[in-house]
Amino acid sequence: YYNEYKSYLSLTMEPLIVNLSPDNPVHEMASICMECYREGMTRLMLTKIPYFKEIIVSSFRCEFCGNSNNNVQPASSMGDRGVRYTLTLTNTNDLNRQVIKSEWGCIRIPELDFEIPPESQRGSSNTVEGFLLRTKEGLQSQQKDRREQHPQLAEQLDSFIGKLEDLIGFTQPFTFILDDPSGNSFVENPRAPKEDPQLKVERYVRSKEDMDLLGISSIREALDNEVTDNQNVLPEENEDAGEETSVRYNENTEIMTFEALCNACGRDAVCNMKQVDIPFFKKILLMANVCDHCGYKDSEVKSAGGISEHGQRITLTMTDAGMDLVRDILKSETAKIHIPELDLTMTSGCLGGRFTTVEGMLENVRDQLSSINPFSFGDSAPTDGTETAEDEGKDGMKNVISQLEAVIRGERLVKIVLDDPAGNSFIQNLYAPDSDPNLLMEEYVRTDEENDELGIKFMKTENYEDS
C-alpha cells in the first residue's frame, strides 16, 4: 500500500514525505488491537528528521483496553553497510544522548552482559536513559506473578533490576553499544562536527547472518537460482547464449561489467569496474553501480594492491584556491580527514572510498555533516544560547558548514590532512616528479589498535605454513 500511495501522490504532484513540523498531515486507519481483539486506531505520519533520514512514525491506541504502541521505521533504503556505535558513558549528561534504534538494531551493555534484541523496543527514538527505563519497566511489569509462580526467577530479576537502576543513577561508567546491520540507527554526537572521543563509529560489511536477518539473502539466492536455470538451457535453444554472459570485458575501454544487486531496491543492477594507474602512486579500482529500475547510482574506490607497510599522513597547505581545489584526491575507506582551522575531523568510513578533486571532497564533507547529527537541528537543538564544549548545538554545526562553503568558494585557505593507516590514499602532486612545497607526506608505524581495525593484527604473511 505504501508504494501505491506513493505513486498516487506523485501523479497528483503532492509530496509524500514532508519536513518535520507541527502541521504535518496524519493519516488514520482502523486496525485490530492485539490485546482485546477489538477495533483500535493507527495514526501514521511520514516525515523527515532534519539532516538525517525519511521516517514513518506510527502510533496505535485502543479506546477499549487502553493498549498503546508507538513505532518509528525508516522510509528510505538501507545503508550500504552495517553500523556499530560504541559509546563510553562517563557522566550523567551522557544519559541524555539521543538514540534512534531501527527495527534491526541491537543494544548491548557489556558490563551487565545485557542485550536488547532487535525485536524489543523496535523502531524507537529515545535517550540512553529512556531505553534503560523502558527495559526496567518491562522487567518489573510481571514481577508480581513471577514471585508467586517462579520465586527464584523473580529474585534474580530483582537483582538485575537493581543493577539497571545503578546505571540509570550513574553510579559508575559503562559502555552502550548499538549494532545495526541495516545502517539506519544513530547515536548522537553532541560535539559534532568535532570527533567525539567517547563515541566510536564503525561501518562494516554485512555477514551472511546479517543478510539473512534483513532478508537480503533470499533475494540473492533467488537470483542465483535464476542464473543457474539459465545456464542449464542448451545452446541450440538459446541462440544468444554466447553473447549474454554475467561478466563482460570491453577491450577498447578496459571496463569490466558484471551483474550486481541495487542497494536501494534490491533488484538487478549493473556494476562497471575499471583499473586505473595513478602516476607516481599505485593502481586503484573504480567501481560504479547503476540501477535501471529505481535510478540509484553509487561509486566506490578500492586499492588494487594490499595494505602498505606503514601508515601515511598527507598534509596539503592551500596557498592558491584556483590550483589547490582542482587537485585530484584519492581517499580510501580507511582514511580520516582533518581540517585544523575548522577543528573538523571526519573519521574513517564516513565518506567511503572516493576519487575526486579537493573541491569535490570538501563538498562531500559538507553534505555528510548535514546528515550525521540530526539532533543538532530542529526541535532537538538547544535554544537557550548557552552552548558548551560538549553541546555546540545548531549554531555550531551551521557555522562549520558555512566556513566549509567559504573554502569551497575559494574565499578561505586551510590545511587539509589526509591520514590513512593503510597507506592507500593520495593527493595530486602538481610538481611531480619534483617535490611539492605545499604537500607534506609522512609515514608512520601503525598502532596495535589500527592494525586490529585493518584486520592484520594477528595476520601472518611469512612462514605461515609453520604456524
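Which residue in E13 is the bridge partner of Tyr85? I looked it up, and Val201 is the bridge partner in E13.

**Ground rules.** I am working on a predicted model, where local features need pLDDT of at least 70, side-chain atom pairs count only at pLDDT 80 or more, and totals for chains, interfaces and linings use all residues. I number residues from 1 along each chain as its sequence is written, and side-chain values use heavy atoms, with hydrogens and water left out.

**Entry 1: strand E6.** I take helices (H or I, at least four residues) and strands (E, at least two) as DSSP runs, numbered from the N terminus. E6 covers residues 82-89. I find 6 of its 8 residues buried, meaning under 20% relative accessible area, with exposed over 50% and partly exposed in between (1.4 Å probe, protein chains only). I count strands as paired if DSSP finds at least two bridges between them. E6 runs antiparallel to E13 (residues 199-204), with 6 bridges. E6 also pairs with E11 (residues 174-180), antiparallel, over 7 bridges. There, Leu87 has Phe176 as its bridge partner.

**Entry 2: the largest core.** I define a nonpolar core as buried Ala, Val, Leu, Ile, Met, Phe, Trp, Tyr and Cys residues joined through side-chain atoms within 4.5 Å. The largest has 31 residues. Ile337, Leu344, Leu362, Val365, Leu369 and Leu404 have the most contacts inside it. Elements that each supply at least two residues include H8 (358-369), H9 (393-408) and E24 (415-420). H9 gives the most, with 6 residues. I then checked Leu369, leaving aside neighbours within four places in sequence. Leu369 is in contact (heavy atoms within 4.5 Å) with Pro193, Leu344, Met346, Met397, Val400, Ile401 and Leu404. Another core, of 29 residues, lies apart from the largest one, and Tyr85, Leu89, Leu95 and Leu199 are among its members.

**Entry 3: H2 against H4.** I fitted axes as lines to C-alpha atoms, for helices over the stretch in contact, with angles from 0 to 180 degrees between N-to-C directions. The axes of H2 (residues 128-140) and H4 (residues 151-168) come within 10 Å and cross at roughly 160°. That makes the two helices H2 and H4 roughly antiparallel, a term I use for angles over 145 degrees. Among the H2 residues meeting H4 are Leu132, Leu133 and Leu139. On the H4 side, the residues include Phe160, Ile161 and Leu164.

Entry 4: I find 3 strands in an open sheet, ordered E23-E20-E25, with antiparallel pairing. E23 (354-357) and E25 (426-427) are the edge strands. E20 (residues 328-331) is joined to E25 by 2 bridges. Ile329 stands opposite Ile427.

Key: Parallel < 35°, antiparallel > 145°, perpendicular 65-115°, else oblique.
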